[in-house]
Amino acid sequence: MPPSRRQAKKIERKHGRVLIDLRLVVKAQTTLHGRTRNLAESGMGATVAGELPLGESVELQFQLPGSSEPLVLRAEVRFRQGFHYGFKFIFPMEDQLQAIRSAIRDLPLEQ
């Protein structure tokens with residue numbers, strides 16, 4: 001590979017992410033819709049139809065399997081490539097973390 005090409009850095013994460021496809025609502029200055037791609041206790045990856053600047057604080061709403069109510073979390077936009085975004089949860093409550101842990105417990109980790 002020529003020296004001018006950058007090699008992608010492997011992202012070190014605190015928690016492993018699982019593949020999961022859920023409907024997602026992102027509330028920022030406008031309301032956007034998308035689909036989750038992966039999920040962990042500390043954040044998620046998603047495909048969102050719209051523009052979100054890096055560093056922006058947003059509200060994420062998604063319904064975990066087996067749950068009757070949507071989970072609502074604050075998150076920061078940490079990654080963007082096209083319409084693929086990475087979100088880091090901001091101060092999630094313990095009951096929210098427990099709901100995520102329960103929902104993803106038996107799902108395989110993303111490779």
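Predicted model: local features only at pLDDT ≥ 70, side-chain atom pairs only at ≥ 80, totals over all residues.
Trainee: Where should I start? Which residues touch the most other members of the largest nonpolar core?

Mentor: Please begin with Leu 60, Phe 62 and Phe 87, which touch the most other members of that core. The core holds 25 residues.

Trainee: Which strands and helices each supply at least two of its residues?

Mentor: The contributors at that level are strands S2 (23–27), S3 (31–39), S4 (43–48), S5 (57–62), S6 (71–81) and S7 (84–89), together with helix H1 (94–104).

Trainee: And which one gives the most?

Mentor: That is S6, which gives four residues to the core.

Trainee: Let us stay with S6, then. How does S5 run relative to S6, parallel or antiparallel?

Mentor: S5 and S6 run antiparallel, and six bridges join them.

Trainee: What about S6 and S7? How many bridges are there?

Mentor: Six bridges join S6 to S7, and these two strands also run antiparallel. One of the pairings sets Phe 79 against Gly 86, its bridge partner in S7.

Trainee: How many residues lie between the strands in that hairpin?

Mentor: There are two residues between S6 and S7. In this hairpin, Gly 82 takes a positive phi near 65 degrees.

Trainee: A new topic: aromatic rings. How many aromatic pairs does the structure hold?

Mentor: It holds one aromatic pair. The partners are Tyr 85 and Phe 87, with ring centres 6.1 Å apart.

Trainee: Why is that pair called stacked?

Mentor: The planes of the two rings meet at 25 degrees, so the pair is stacked. The cut-off for that label is under 30 degrees.

Trainee: Are these two residues buried or exposed?

Mentor: Tyr 85 is buried, with a relative accessible area of 0%. Phe 87 is buried as well, at 1% relative accessibility.

Trainee: Now the helix. Which residues of H1 are buried?

Mentor: In H1, the residues Gln 96, Leu 97, Ile 100, Ala 103 and Ile 104 are buried. Viewed down the helix axis, the buried residues fall within an arc of 130 degrees, so they line one face of H1.

Trainee: What covers them?

Mentor: The cover includes strand S1 (18–19), along with S3, S6 and S7.

Trainee: What does its side chain reach?

Mentor: The side chain of Gln 96 reaches the backbone oxygen of Val 72 at 2.6 Å. Not counting residues up to four places away in sequence, Gln 96 touches Leu 71, Val 72 and Leu 73.

Trainee: Which backbone atoms does its side chain reach?

Mentor: The side chain of Thr 36 reaches the backbone oxygen of Ile 20 at 2.7 Å and the backbone nitrogen of Leu 22 at 2.8 Å.

Trainee: And what about Asp 21?

Mentor: Asp 21 is 15 residues from Thr 36 along the chain, and their C-alpha atoms are separated by 5.1 Å. Leaving aside neighbours within four places in sequence, Thr 36 is in contact with residues including Asp 21, Leu 24, Met 44, Gly 45 and Ala 46.

Note on methods: Residues numbered from 1 in each chain as written. Heavy atoms only, no water. Phe/Tyr/Trp six-rings, centres within 6.5 Å; stacked < 30°, edge-to-face > 60°. Buried < 20%, exposed > 50% of the residue type's maximum accessible area, 1.4 Å probe, protein only. Core = buried A, V, L, I, M, F, W, Y, C linked by side-chain atoms within 4.5 Å. Pairing = 2+ DSSP bridges. Arc of directions from axis to C-beta. Contact = heavy atoms within 4.5 Å. Polar contact = N/O pair within 3.5 Å; in protein donor to acceptor, adjacent residues only side chain to side chain.
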